[in-house]
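Welcome! Here is a short tour of a structure, taken one part at a time. Keep the picture open beside you while you read.

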Amino acid sequence: MKQKEIELLELLEENARINIESIAKMIDVSVEETKKMIEKLENDNAILGYSTIINWSKVLESEEVTAMIDVKVTPARGVGFDKVAERIYRFPEVKAVYLMSGAYDLSVSVEGKTMMEISRFVSEKLSTLDTVISTTTHFVLKKYKHDGVIFDDGEDDKRIMVTP
Amino acid sequence: MTIQGTSYLSKTVESLKPSGIRRFFDLASKMDNVISLGVGEPDFVTPWNVIEASYHSLEQGYTAYTANSGLLELRKEISHFLNKHYSLDYNPENQLIVTVGASQAIDLALRAILNPGEEVIVVEPGFVSYAPAVTLAGGNPITVHADAEKEFKVQAEQLEKAITPNTKAIILCSPNNPTGTVLNNEELGKIAAVVEKHDLIVISDEIYAELTYDESFTSFASIVEMEERTILISGFSKAFAMTGWRLGYAAGPVSIIEAMTKIHQYTMMCAPTMAQHGALEALRNGESSVQKMKRSYQQRRNFVVKALKEMGLDCHMPGGAFYVFPSIKKTGLTSETFAEKLLHEEKVAVVPGNVFGSSGEGYIRCSYATSLKQLDESMKRINRFINNI
């Protein structure tokens, strides 16, 4: 069952909108069983949500601004980095927080309408936290690939119609 | 004097029938918005690390010929690969030759062993090139028909019946194109006994070996006593999604590989150098890509077989390759008519089974190496088509 679960999750990870009948056929279990597996994985929080990867530049005049911020912090006794990480990830404009090895501690990804908005977040919210020692903000200039998806208009099938 | 008509052509070439695939390709390519299940190649692009390695070799200036039998480094990797996966033992120095696709390896093998008039047993439904390749090499192809009742597994007794004093070799292909059928260890063992008894050679086309889904693959050469009688044919096209690179290989007894190399050196020199460098990377670091593609094919196979069965078509579960070979007999149409009408009415291209030999009549070959979205849509269209007949 474990193997089927992994296959199921990989299919959903690739396309969250794939229909259940297709999944069931592909992993060779019944539709009912597939539904149950999904429900269980949702209840276990193995599946946390279903989101859509959007190329906003196709829709909006001006795309949202994304920044990656390297944050150095002082870990707190007992809770290490977790407490300060939580303080940061609770902000809705924060899209991702990772604890990193190397020159800084937390990598924080922030989205905002404008550069000003992000600058304000850094100077007013982030830098002012007691445990934050320093921040370095990098603005994203162009998105080439995100979550494994390449941001172009897709590759066409270059094969000829019928071959032996 | 001008050269006109066919009077100047080789009688042998003239005797070859044009490929039915070619005719179907001409039909399909004139139409728009066709979903093609007619493609005999992966829908994946070659893994990026392979492409990148080939770029790098060009940047480094590796643009000259290689040794006739291919880069020794590559032959060593192939030898290692065959050993690791199929427990085979080939000396890269003189038991391996790198060719321009598996197709060239088949041609070389036949030309290396055949004298005029000698017979080669070819199993049908089978790959369209075998019989013409035998004819072009001066031999006589003798057809044995694998039985649909036996999931298109050719039986050792059938092969034995077709053997005459002129029989030189048998061409086997497992997993098979177009049926997807895989011959297991036991079935190959029975064939091996016949081969041994009648002192034959087997040309074993194992190009789809890595795409075997339900049980582990057995190479014919790994059957006891068979390594010395087998010319193993394989390549990079299918497992590594490298069809256009045209890179294959053959492994076999020293004397045969040397004879093949002799032909190769006079007619081809060597396989393309940049492709060989790509193949080197494929063997060294391609395993995870192959596994990923394999799993995706397997899921799509399950999907298509179930969908076909749901619409009431008989279809055995193929153990390998990326084809299903359902029966369309219950529609009352011939393979050709079915495929042609399906193309015109529902814009789905499949290959009529009879192009793979007369025993393919009543069947169609559908390749499931296409996106799930397209597969899903094509199954709906085929279902609608069947219900409207």
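## Two domains in chain B

Chain B is assigned two domains: domain 1 (11-46 + 288-388) and domain 2 (62-286). Such bounds come from an automatic or database domain assignment. Between the centres of domain 1 of chain B and domain 2 of chain B, taken over C-alpha atoms, there are 25 Å.

This is a predicted model, where local features need pLDDT of at least 70, side-chain atom pairs count only at pLDDT 80 or more, and totals for chains, interfaces and linings use all residues. Residues are numbered from 1 along each chain as its sequence is written, while chains are lettered from A and ligands numbered from 1 in the order in which they are written.

## Where the two domains touch

How many residues of domain 1 of chain B are in contact with domain 2 of chain B? There are 37, and they meet 35 residues of domain 2 of chain B. Here, contact means that the C-beta atoms of two residues, placed from the backbone, lie within 7 Å.

On the domain 1 side, helix 1 (11-15), helix 11 (287-310) and strand 9 (323-324) of chain B each supply at least two residues. Helix 11 of chain B gives the most, with seven residues. Helices (H or I, at least four residues) and strands (E, at least two) are DSSP runs, numbered from the N terminus.

Sorted by class, this side of domain 1 of chain B has 17 nonpolar, 16 polar and four charged residues. Ala, Val, Leu, Ile, Met, Phe, Trp, Tyr, Cys and Pro count as nonpolar, Asp, Glu, Lys and Arg as charged, and the others, Gly among them, as polar.

## Chain B as a whole

Chain B contains 13 helices and 12 strands. Its C-alpha atoms fill a box of roughly 60 × 60 × 50 Å, taken along the principal axes.

Of the 389 residues of chain B, 51% count as buried, meaning that 20 or more other C-beta atoms lie within 10 Å of the residue's own, with C-beta atoms placed from the backbone (12 or fewer is exposed, in between is partly exposed). Among contacts in chain B between residues at least 6 apart in sequence, 75% join residues at least 24 apart.

## Chain A meets chain B

Now for the other chain: 13 residues of chain A are in contact with 25 residues of chain B. Helix 2 (residues 20-27) of chain A provides the largest share of the chain A side, four residues. The chain A side divides into six nonpolar, two polar and five charged residues.
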